[in-house]
Structures are given as structure tokens and as C-alpha cells.
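Please look through the sequence and the structure first, and then read on.

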Amino acid sequence: MYPMAPLIRTALNATARVAPGPAGRWAFHLFVRPLGRARVKPGEEALLATARTGHLRVRGKDVVTYAWGDGSRPVLLVHGWSSRASRLTAFAEALLARGYSPVAFDAPGHGDSPGRATNILEYREIIRELHARHGDFDAVVAHSFGVLASLFALRDGVRTDRFVGLGGVGSFDLLLAGFQAGLGLDDRVVRCMRDHVERRLAPGEPGVWDRFGADREPGQLGAPVLLFHDESDDMVPPAQSRLLARAHGDRARLVATRGLGHRRILLDPAVVTEAMEFLTAPAVEPSAVEPSEGRVTAR
């Protein structure tokens, strides 16, 4: 996964012992780089061409944004790692057909946005900026890492009436463990990374590292949650969505799917239809939502 992994492992593990500051900075720079840049697929081109394209400047980086509709009933779409906004085309089309106004972005280093890296703090700032621009969201629909980042932002002032997560990452530790194992890094390197984030990137937020997990402080969301996760997802274990469902309790419903994997779940008509039914259903008090686990079978 990482070129020159043995050399990187040796250098980082050694540097962390004598120079923790540079080791933490170097490890973090590796951790936040996406694995390639996703291109627009043919089925995504038509909708993307109709978007009103805009730009944000977040933490010194340019971010490309997209908006459709007349601006009323905004719904934020949040893509995953090494992905792009256009991967949520099926949801954007369904939302438009129902009178919503989809809003999306390509994170730095993703899609049409320049740069080579991004992180959960930048995702949060982008979502905050879009919230300030478009107002409270009728819903947020997020995929994979976008679920983790969206729920982080939704605990920090961004408001939505409903939340839909697809193949979501619930634990920041999952990402960290994969990175650490992939390079064979010592725990000392991870501690250096944490110190870099808390001292250099978010000095005004003590303990911010501990707040990255999407299952933290779930009560702050205060909105109904619908989660989809495929049993054969080879990128994010289904246990991640089960973790989120437990955390959000009676406000959450988890739908297990079969045969869709991590990516095709974004295109499945049954998944999109069920998500739209959730978004358009009459509002109910959270206490009236019974916890349940459903199943959508891919055709």
C-alpha cells in the first residue's frame, strides 16, 4: 500500500525515539494522503455538468463545491476517502426529483480540488462553511470516512434534521490501526502523531483526538439516523455501523445489505429508495423510533 514501506518504518520508528516532533509531523503527512485521485465516471458526468460550481478556502487550501436545485431544503452529501462528490450522484438525482437542493464538495486532494492531502479537521471546517452558506441541512448523507467526518462536524455546531450513513467508519481507531499495521509502526510513532495534531493543528481544542470517533457524544446529534452497511464490505467492517447504531440507540436504524460491497451500495436503487423514504417521512419524536435492523437484498 505504501511505497518504500520498510524504509519508512525504519526511519519513523527510529526518529520517534530521538526527535518526536519531526516524527509526528512526518507520520501525520503520510496518514492524511489519499491513495490516488478518483475520476468522474460516465454515469456521473451529466449531473455534474449541471451543478453550480463554487469554491471555498479552508485552512489555506482550495475546495471545489457543488450545488443543485433552488437552494431550499439543502441536503449535504459527503464523500469518503480517496473518493469524490460525484460518487453520490444517485442520491443527488433522487433528492432533486423530490425538491431538495443537494450540496457537495471535493475535499482537498480529492476529485477536482487541488492539493495532495486532507484530514478530518479540514472536513469539519468545510462542512461548517457550507452550513454557514446554506443554512441548516434537511439531511446529511455520507459515505465511509465521510460518516466519521460528518458526525464530528455535527457535534460542533452544524445542524441537520436527519442523517444517513453508508458503509460508515465509526471509530477513528480503525483508520489509525490500519495505518500503523500497514507500515509496522511503533506505538511511540502514534503518540507523536497525536501530539502533533493536538499541539500544532488544533491547539485550542484540548483532547480533540479523543473526539474524532463517531460514537462519541452521540446525544449532540439529536436527529434520527439511518445506517446502511453491506455484509461483504471489504473496506470497512460492518461492525463499524453496528457501533454507531448502538451509540445512537433508539434514534438509529441499521439496514444490512448483501452483495453490494463498499462502493456499489451507493448505486443500489433499493438503498436509494429506502433512504429517500426515510428523509421524506413525517418527523417523529426520537423516543418513538424503535431500534431495528433491516435488510435490503441486492438484485
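Val271 is buried, with a relative accessible area of 0%, where buried means under 20% relative accessible area, exposed over 50% and partly exposed in between, found with a 1.4 Å probe and protein chains only. This residue has its place in helix α10 (residues 269-280), and helices (H or I, at least four residues) and strands (E, at least two) are DSSP runs, numbered from the N terminus.

The model is predicted, so local features need pLDDT of at least 70 and side-chain atom pairs count only at pLDDT 80 or more, while totals for chains, interfaces and linings use all residues. Residues are numbered from 1 along each chain as its sequence is written, and side-chain values use heavy atoms, with hydrogens and water left out.

Strand β5 (139-143) is largely enclosed by the rest of the structure, because 5 of its 5 residues are buried. Both of its faces are covered, with Ala139, Val141 and His143 buried on one side and Val140 and Ala142 buried on the other. Strands β3 and β5 run parallel and are joined by 4 bridges, where two strands pair if DSSP finds at least two bridges between them. In this pairing Val78 stands opposite Ala142 in β5. Strands β5 and β6 also run parallel and are joined by 4 bridges, and here Val140 stands opposite Phe163 in β6.

Helix α6 (residues 145-154) is mostly covered, since 10 of its 10 residues are buried. These buried residues pack against β3 (74-78), α5, β5 (139-143), β6 (163-166), α7 and α9 (239-248), and contact means heavy atoms within 4.5 Å.

Helix α1 (residues 5-18) and α2 pack at an angle of about 145°, with their axes 6 Å apart; axes are lines fitted to C-alpha atoms, for helices over the stretch in contact, and angles run from 0 to 180 degrees between N-to-C directions. The residues of this contact divide into 10 nonpolar, 1 polar and no charged, where Ala, Val, Leu, Ile, Met, Phe, Trp, Tyr, Cys and Pro count as nonpolar, Asp, Glu, Lys and Arg as charged, and the others, Gly among them, as polar.

On a 1 Å grid over the protein atoms alone, a cavity is a set of points where a 1.4 Å probe fits but cannot get out, and a pocket is an open set with protein on both sides within 12 Å along at least five of seven lines; lining residues have an atom within 4 Å of a point. Grid points are joined across faces, edges and corners, and a volume is the space filled by probe spheres set on the points.

| Space | Volume | Lining by class |
|---|---|---|
| Largest pocket | about 1000 Å³ | 25 nonpolar, 12 polar and 7 charged residues |
| Largest cavity | about 70 Å³ | 9 nonpolar, 2 polar and 1 charged residues |

The largest pocket is lined by 44 residues, of which Leu35, Trp81, Ser82, Ser144 and Met235 lie nearest its centre. Helix α7 supplies the largest share of this lining, 5 residues. For cavities, a search of the whole structure finds 1 of 30 Å³ or more, and α3 gives the most to the lining of the largest cavity, with 3 residues.
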